[in-house]
Amino acid sequence: MNLVERRQSWLLAVRDSDEEALSEKINQALAPSEGVKVKDGATVTDSKDLSALSRAGPCCGWENLKPITHLENYAPKFKTCTSQEDISQKIEAIAPVKKLIGVLMSSCKTAVNDLGGARKKHQQQKEKAKEKAMKEAAAKKWGHPSGGAGGHKRSKNLLAHPLVDADAQCWQSPDAQIQSSPKLQGMWDPSLPFIVSNFDGPFKDDALTTRLAEFGALFKQSNYRVTEGRAHAPLAESLAAALPSFLYNCLPSEKKISPHTISTSAEGPTRTLAKLEADDAASHPDLSKMMIASSFGIASSHVSIGKFELNQFPCLRATWKGTRFITIVLFEDALMNCQEIEKETPVSLQKLMDWAHRLSPSDISKLVAKGGAFAGTIGPSDLLYTPAGAIVSHKVLGDDVIGVRMGVLGGTMDFDKLLEVTPANKALSQASTLLAKKRGSNREAMVKARALRDSPGEPPAAASGADAEEAQAQTGAAPGAQGKKEGDKEEERGDT
C-alpha cells in the first residue's frame, strides 16, 4: 500500500505541475543516506536500511521527470514551424518527457495490480488455513488424527487403496464375492449386487456392436478419456431396446408380465421396469433419462475410488470389451457407519465418499462379515447389477472397457433413506413417486383377481391389461377360475 501511495504522489506532482513538490521528491531520492563510508567519500546503504525503500524512485528514469506544463509550453513553438521537418524535430524534443510520464503512469498501474494480487493471495491463504483447520477438526471428530477411519490415511497412491487391491486379504473371504450366475435368473434381490456371465445376447446385434465400436474409437481420441477417464453417450432408441428386450427374453415364461417389465422377487407383485411407459416417461422426465440405455467407456488402467453411479440410481452394465476389478459397498451399511461418527450433523454424499476413502483393510473385513461389501472381476459378456446408492470402486485391468448401461427400477426398492441424504435428487424422487403409484395399482389388481377367483357367481369388474396379466401371474389362476386352493386364507392374512 505504501508503494502505491508513493508512486501516486509522484504522479500527482507531475499531473498538477507542482514543480516544487516534484523537485523535492527528486532531491530526496538523490540525497545520500547515512550508510557506510568508502574511500572516495561516497556512501553505500546497508541491506537493513529500510529508509532506502522510501527514497526509491517511482520508475525507471525518474531523475528526468518533468511536470505536465513542460509539455504544454511546447504548444506555442509548434506555431513557428515552417515545414514537416520542423514539426518532427519538435515532436522528437518532447518525446523523452512524454515517455517518462507514460512509464510513471504504467508503474502506478502495476503497483495497484500488485496490491490487488497480494490481497487476493492473502484471502486465499486465509481460506486454505480455515479449510485445513476444519479438516483437522473433522479428523479429530472421526477419532483418527492421521485423517483416516481405522488409521488409513487418504493417500494419493490410489493403486494401494484396499478398495481396488484385488490381492488384499479383506477380499479373499467367500462372503466378499459378488453373487454370480452363468445365466440370467428370473428373480433376484434388488438390494444386492450380482453378476451374470455369458451375457452376450445383446452383442449379437450387429447394429449395436457397430455403434459400440464407433463409440470406442471416439472415446479413445476424446479429451474425456484423459481428463475424466470415462464417458457415456445415449444410444438411439432402436439400439437402446436391445438390452431390455434381451433381458425379457431370458426370463422363464411364467415370469414374463409385459415387454416393459422384468420380475425381481418371488414375494409379492414386484417388477423391474426395463422401460417406462409413454405416459410415465412424460410425467417423470428426470427418471426417464436415467432409464435410457447408453454406451459407456472407461479408460485403460483407470482407477476410481468411492464413487456413485449416475444420480445414485440402480443400474445394469453389460460389458462388451475390457476387464476391471470392482468393489461395491452397500448404501445402508455406509450410511450406518457414517451416522455412528456424524452423530450430530447430517450425512451427505461427500461425507460418504470421504468415509470410503478412509476405509482400511480391517474396516472392509468388518463390512464383508456383515454382508455390506462385495468384490468381483467383470469381463467381456458379463452383466453387473449395482444397487441404488452403492459406493463403487474399480481398477481397469488392461484395455479400455466398453459396454452398455441402463437404469432399472424394482418394485421392492426403497429410496427413502437415500432421499434423506440427497433430497434434491429429482430422478430418485420421481422414482419413489412412481413406485408408490405402481404398488397401489398392483394391490388393487390382486384384490380384483382374488375376488374373481373366489366368487361362485357373477365376477366383479375384472382387471385388464398389465394389471390383469400380473394378477394372473401372482395368483396362478385364469380370470373366472372358481374355488379356493389350500393355504389361500394364510396368504390373505399375510398380505393384510
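**Salt-bridge network**

A network of salt bridges links Lys220, Arg225 and Asp400. The model is predicted, and six salt bridges are counted in it.

*Asp400 and its partners*

- Asp400 lies in the loop between β14 (391-396) and β15 (401-407). Asp400 is buried, because its relative accessible area of 8% is under the 20% cut-off.
- Arg225 pairs with Asp400 in a salt bridge whose closest N and O atoms are 2.9 Å apart. This pair links distant parts of the chain, since Arg225 belongs to helix α8 (residues 223-227) and the two residues are 175 residues apart.
- Arg225 counts as partly exposed, at 22% relative accessibility.
- Lys220 also meets Asp400 in a salt bridge, at 3.5 Å from N to O. Here too distant parts of the chain are linked: Lys220 is in helix α7, and the separation is 180 residues.
- Lys220 is partly exposed, with a relative accessible area of 46%.

*A pair within helix α7*

- The side chains of Arg211 and Glu214 form a salt bridge at 3.7 Å, N to O.
- Both residues sit in helix α7 (residues 206-221), and because they are three residues apart, about one helical turn separates them.
- Glu214 has a relative accessible area of 42% and is partly exposed. Arg211 counts as partly exposed as well, at 23% relative accessibility.

*Packing of α13 and α14*

- Helix α13 (residues 331-341) packs with helix α14 (residues 349-357) at an angle of about 90°, and their axes are 10 Å apart. The two helices are therefore roughly perpendicular to each other, as that term covers angles of 65 to 115 degrees.
- On the α13 side, the contact is made by Phe331, Ala334, Leu335, Asn337, Cys338 and Ile341. On the α14 side, Lys351, Leu352 and Trp355 take part.
- Sorted by class, this contact has seven nonpolar residues, one polar and one charged.

*Cysteines*

- The count of disulfides comes to zero.
- Cys81 counts as buried, at 18% relative accessibility.
- Cys108 counts as buried, at 7% relative accessibility.
- Cys338 of α13 is one of the residues in the contact with α14.

Definitions and conventions. Residues numbered from 1 in each chain as written. Predicted model: local features only at pLDDT ≥ 70, side-chain atom pairs only at ≥ 80, totals over all residues. Heavy atoms only, no water. Axes fitted to C-alpha atoms, helices over the stretch in contact; angles between N-to-C directions. Helix = DSSP H or I, 4+ residues; strand = E, 2+ residues; numbered from the N terminus. Parallel < 35°, antiparallel > 145°, perpendicular 65-115°, else oblique. Contact = heavy atoms within 4.5 Å. Nonpolar A, V, L, I, M, F, W, Y, C, P; charged D, E, K, R; others polar. Disulfide = S-S within 2.5 Å. Buried < 20%, exposed > 50% of the residue type's maximum accessible area, 1.4 Å probe, protein only. Salt bridge = Lys/Arg side-chain N within 4 Å of Asp/Glu carboxyl O.
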